Amino acid sequence: MPEVTDPLLNLVKRHKEPVVVQTVRSTVAAVISYVVALALSSEPAPLTAPLTALLVVQVTLYATLTTSMRRMNSVVAGVVIAIGFSSLVGLSWWSLGLIILASLTIGRFVKAGEFVPEVAISAMLVLGVTRVAATAWDRVLETLIGAVVGLLFNVLFAPPVWVQPASAAIEGLAGRMRDLFVRLGDQVRGHTTVADAAEVLHDARRLDHDIVEVDASLRQAEDSLRLNPRVKEGLLFRVVLRTGLDTLEICAVVLRTACRTLTDLAKARTDEPLFPQEIATGLSELFVHMARAVESFAVLITTQVSVNAEEAEERLVSELAASRASREIVAHLLLDGVQEHPRQWQLHGALLAEIDRILDELDVEKRSMRLVEELDRQSREQREKYPVVDKLRGRLRLGRSREAPEETLD
């Protein structure tokens, strides 16, 4: 029975992944564009239309809009270059070189973006046929058909919002950080070899790679929220997730530094425990509270339901308070220990400073201030970038404020 259910379960789990959705949507859009091109183009096999639709349809509506414009610019520019060269010179090795050079150069000025090579490809394909002029304009028509079909496909059938995969990636990153804190809590108890400490440090360094993957997933989620008619508070979602990932990234860097501090301490104390029993117990409890705090922070920034968000915030506040209480106890114990045995006192101070930095980054009030600052910055940039839209919004708000008193009187 497991052999039958496991593939089915995997299929159900994967049918909402970006790769699967992108494959299905691109295929449908390409077929539709080919059917439309057959009816409108004189070419017997207008493959340029499905090719353009295949490349234009992206996993998000925002990416589709930006991609379609740049791709149309690149193809039209290539066709115009081919028409110009066909009227002056034929196709030879030196004219081919000139066409490629001119196409790649002009592609930089027509805002083709990453599709600059498409300018040269379009020019070479059109120049390589006999009826250059007729084929050229057919190619332009097919390109427009593919781009329009791809654009309308994403407008009429809005792509999914990829917030959930990004949230899962953020929670996965926080889960790995939580596990590292728990391992540090186990590490400070008893004797820790240099090899064991170095292994934890190595795993902490791997968080950099994890952050890159989470950042890519978050960028996709941010694009899916832009210009998406299914989302009403896209800016808020983007800011909450982005600032949350920034906080986790800072905590990951400081966590790696703390692991390095304990590794240096293990090198200096190869024949004895890292800390006395009382200090080790306090540090272990502190790291456990910090592990729970990181996990609660991730749940808070990825939860959209207000009730669950309030519960996550309460857990975060509770764990941060417990962490700070444990930190004060450990600090006093470390100070007393250093006064008696001042060996590696600088490492003790560095460890406390790193703990303080992480707790400060996870602080709820600091998070709220960062959210407000980022929302203000984003709003200011939008007003500066689109002043006409901002003026229209201001007039609409003014009109509503004038109508409100009249409605209350009625």
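**View 1. Salt bridge between R327 and D356 in the predicted model.** D356 is partly exposed, because its relative accessibility of 31% falls between the limits of 20% and 50%. Its side chain meets that of R327 in a salt bridge, with an N to O distance of 2.8 Å. D356 belongs to helix α14 and R327 to helix α13, so this contact ties together parts that lie 29 residues apart in sequence.

**View 2. Salt bridge between E328 and R327.** R327 also meets the side chain of E328 in a salt bridge, at 3.1 Å from N to O. E328 has a relative accessibility of 40% and so counts as partly exposed.

**View 3. Salt bridge between D363 and R324.** The closest N and O atoms of this pair are 3.1 Å apart. The bridge links distant parts of the chain, as D363 sits in the loop between α14 and α15 while R324 is in helix α13, 39 residues away. D363 has a relative accessible area of 19% and is therefore buried, the cut-off being under 20%. R324, with a relative accessible area of 34%, is partly exposed. The salt bridges of the model come to 16 by the rule applied.

**View 4. Negative surface patch around E313.** E310, E311, E313 and E314 form this negative patch. One of them, E313, is placed in helix α13, which spans residues 306-340. E313 is partly exposed at 32% relative accessibility, and it can belong to the patch because patch members need over 30% relative accessible area and no salt bridge.

**View 5. The largest nonpolar core.** This core has 66 residues, of which M177, L255, F275, L283 and F287 touch the most other members. Two or more residues each come from α8 (163-187), α9 (194-205), α10 (207-225), α11 (234-268), α12 (277-302), α13, α14 (345-361) and α15 (364-385). Helix α11 gives the largest share, 14 residues. In soluble globular proteins, nonpolar side chains tend to be buried together.

Methods
Residues are numbered from 1 along each chain as its sequence is written. This is a predicted model: local features need pLDDT of at least 70, side-chain atom pairs count only at pLDDT 80 or more; totals for chains, interfaces and linings use all residues. Side-chain values use heavy atoms; hydrogens and water are left out. Patches are made of residues with over 30% relative accessible area and no salt bridge: like charges are joined within 9 Å, nonpolar side chains (Val, Leu, Ile, Met, Phe, Trp, Tyr) within 5 Å. Accessible areas come from the Shrake-Rupley method with a 1.4 Å probe; for residues, only the protein chains shown count as cover. A salt bridge is a side-chain nitrogen of Lys or Arg within 4 Å of a carboxyl oxygen of Asp or Glu. Lys and Arg count as positive and Asp and Glu as negative; His and the chain ends are not counted. The place of a charge is taken as NZ of Lys, CZ of Arg, CG of Asp or CD of Glu. Helices (H or I, at least four residues) and strands (E, at least two) are DSSP runs, numbered from the N terminus. Buried means under 20% relative accessible area, exposed over 50%, partly exposed in between (1.4 Å probe, protein chains only). A nonpolar core is a set of buried Ala, Val, Leu, Ile, Met, Phe, Trp, Tyr and Cys residues joined through side-chain atoms within 4.5 Å.
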